[in-house]
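Subject: Structure for you to look at

Hello,

Here is the structure I said I would pass on. Please open it beside this message and follow the notes below.

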Amino acid sequence: MKVRIAMAALALLATAPLGAQGRGHKKEFVVAPDRAISVTREVLVGQGFEVVRIATVGNDQVVYYRRGNMGRGKGKGPLVKMIVRRVQNRVVFIDTPDAILVDINVRLRL
């Protein structure tokens, strides 16, 4: 009896991580790179960030942005970057914070 309970518990623990896989934020989209950049710019500006520049490095587009002062007069935040990479016919977002990625995800699906 104890062996059956131990085996059932072991089977339950072994399959538990399988249910959680694949439930994170999706980072790949089948869109044109220029649309991905324009949506990224809209989302950043809408959330109070300032887009400093967008540089093309090989197949990647690097978006440099920083937090605005939000009307408080405390200065602007440090320069941060995110990478928009084109892989075959997909666009992949790298080093993108979750709060920004969720909004980009919503806008690209519309």
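Start with Arg 67, which lies over the face of Phe 49, at 4.2 Å from the ring centre. Keep in mind that this is a predicted model.

Phe 49 belongs to strand S2 and Tyr 65 to strand S3, so the pair ties together parts 16 residues apart in sequence. Are these two residues buried or exposed? Phe 49 is buried, with a relative accessible area of 17%, and Tyr 65 is buried at 3%.

Next, the core. The largest nonpolar core has 18 residues, and Leu 44, Val 63, Val 84, Phe 93, Ile 100 and Ile 104 have the most contacts inside it. At least two residues each come from helices H2 (33-46) and H3 (98-109) and from strands S2 (49-57), S3 (60-67), S4 (80-87) and S5 (90-94). H2 gives the most, with five residues.

Take Ile 100 as an example. Leaving aside neighbours within four places in sequence, Ile 100 is in contact with Val 43, Leu 44, Gln 47, Phe 49, Tyr 65 and Met 82.

Last, Leu 108 lies in helix H3 and is buried, with a relative accessible area of 8%. The C-alpha atoms of Leu 108 and Thr 40 are separated by 9.4 Å, although the two are 68 residues apart along the chain.

Regards

Terms used:
Residues numbered from 1 in each chain as written. Predicted model: local features only at pLDDT ≥ 70, side-chain atom pairs only at ≥ 80, totals over all residues. Heavy atoms only, no water. Core = buried A, V, L, I, M, F, W, Y, C linked by side-chain atoms within 4.5 Å. Buried < 20%, exposed > 50% of the residue type's maximum accessible area, 1.4 Å probe, protein only. Helix = DSSP H or I, 4+ residues; strand = E, 2+ residues; numbered from the N terminus. Contact = heavy atoms within 4.5 Å. Lys NZ or Arg CZ within 6 Å of the ring centre and 35° of its normal.
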